[in-house]
Amino acid sequence: MTTDRLGELSAAQVAVWLDDLSRVRLSSGGLDQLRREKHVVGVTTNPTIFAKALSDADEYDWQLRDLATRGVEVEEAVRMLTTYDVRWACDVMRPSYDASGGVDGRVSIEVDPRLAHESTKTVAEAKALWWLVDRPNLFIKIPATEAGLPAITAALAEGISVNVTLIFGLDRYSQVMEAFLAGLEQAKANGHDLSTITSVASFFVSRVDSEVDKRLEKIGSEQAKALRGKAAVANARLAYERYAEVFSGDRWQALAAAGAHPQRPLWASTSTKNPDYRDVIYVEELIAPGTVNTMPESVIHAYAEHGETRPDTVTGAYDDARQVFADLGAVGVDLADVIDTLEREGVEKFEASWGELLDGVRKSLAAAGQGSGHPSDAASDNADAAVRAGGNA
């Protein structure tokens, strides 16, 4: 008999989400197939995913021609293109949303990452995207920067479901949970039905190992090298410990009594960057009740083929995780600096991808017959120059 490994993972209360979206995946029925056959109950996107999707396919050509004909500016064109895909994906995932009572079946779209350090503009963009997609199973992704924290609270207070992204460190994660609780308390005061508002906290995994391993290699001692590949899982396990503490407290119980759903930890960046590591390590080692694991399709298939589902690989390992942190400090790894570096680089990478997305759409609009004519940032200026140099062909 064939083992349904993804089914076992779901039975262990780990929600399987896909970390990818494209119009080809939607039009081909590929996303719906993953929902029906691979237990996929959610979708996450980010600027990098959209930049790749729009550069790889001609499925967007008809919409780009219409947008060019209307003279739509590039930033609004990006909103139209991406929200079209997300709205479609929300409809595909609606059966999972209905079956889970509104917990799963979610599709995420990210606010413009250039707003990561501007709270008021982030909230305004979140409200605009929420209105544009107009689906109850949408998540608005807001980064867990210092400016993002009050934006998270404000969006939730408006009744908007939020995926908090780019969380790397434990202290910032605690602040995210505080922002979530405050947002739900304000939403309740504003008269919103808390049962309709959900949230996940996207805690990034593999990037932590990539940064820590680089530092361990530089230190070069045998003790340091022996710690490679251990930081990310330890970090995530200690995050789950904090989650369990917060969502068993009196403050949370009062919200739960009003119908609120807990903010689930979501393990993000779960593909291994080091080929020496097991390709499903960040799934197998982070199995715990009430979590989400968002994976590229390659990891989903790898887990379906050879993943090992154990009942709970997190809650009994807190002391081991703390020992890993102590050992890292002993060999000279500054974990606070690691986290600061990852957060800064995370925002910068998504900003760069957003710039690529703007560049690509501007060039496509020009090729379709009319550019937007009003560059709004340096990336758009560069794209205009490229178009002028190369013509409209």
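In strand 3, Arg106 is the bridge partner of Gly42. The model is predicted.

On its other listed pairing, strand 3 (residues 106-110) is joined to strand 4 (residues 138-143) by 4 bridges. These two strands also run parallel. Val107 has Leu138 of strand 4 as its bridge partner.

Strand 3 is largely enclosed by the rest of the structure, because 5 of its 5 residues are buried. Burial here means a relative accessible area under 20%. Both faces of the strand are covered. One side carries Arg106, Ser108 and Glu110, and the other carries Val107 and Ile109. Residues named in the pairings, Arg106, Val107 and Ile109, are therefore among those buried in strand 3.

A closed barrel of 8 strands runs in the order 1-2-3-4-5-6-7-8. The pairing in this barrel is parallel. From one strand to the next, the twist averages 30°. Helix 9 (residues 148-157) packs on the sheet. This helix touches strand 4, strand 5 (162-167) and strand 6 (199-204). The direction of helix 9 makes about 160° with that of strand 4.

Helix packing was examined next. Two packed helices are described by the angle between their axes and the distance between the axes. The axes of helix 11 (residues 206-219) and helix 13 (residues 231-246) come within 7 Å. They cross at roughly 130°. That angle makes helix 11 oblique to helix 13. The crossing of helix 11 past helix 13 is right-handed. On the helix 11 side, the contact involves Val208, Asp209 and Val212. These meet Ala231, Ala232 and Asn235 in helix 13. By class, the contact residues divide into 4 nonpolar, 1 polar and 1 charged.

A second pair is formed by helix 4 (residues 47-56) and helix 18 (residues 335-367). Their axes lie 8 Å apart, and the packing angle is about 25°. Angles under 35 degrees count as roughly parallel, and helix 4 and helix 18 are therefore roughly parallel to each other. Helix 4 passes helix 18 in a left-handed crossing. Helix 4 contributes Pro47, Thr48, Phe50, Ala51 and Leu54 to the contact. Helix 18 contributes Phe350, Ser353, Trp354, Glu356, Leu357 and Val361. The residues of this contact divide into 8 nonpolar, 2 polar and 1 charged.

One further residue was placed individually. Asp320 is found in helix 17 (residues 318-331). Asp320 counts as exposed because its relative accessibility is 55%, and the cut-off for exposed is over 50%. Asp320 and Glu158 are 162 residues apart along the chain. The C-alpha atoms of Asp320 and Glu158 are separated by 40 Å.

Technical notes: Residues numbered from 1 in each chain as written. Predicted model: local features only at pLDDT ≥ 70, side-chain atom pairs only at ≥ 80, totals over all residues. Heavy atoms only, no water. Buried < 20%, exposed > 50% of the residue type's maximum accessible area, 1.4 Å probe, protein only. Pairing = 2+ DSSP bridges. Axes fitted to C-alpha atoms, helices over the stretch in contact; angles between N-to-C directions. Contact = heavy atoms within 4.5 Å. Parallel < 35°, antiparallel > 145°, perpendicular 65-115°, else oblique. Left-handed = near helix turned anticlockwise from the far one by under 90°. Nonpolar A, V, L, I, M, F, W, Y, C, P; charged D, E, K, R; others polar.
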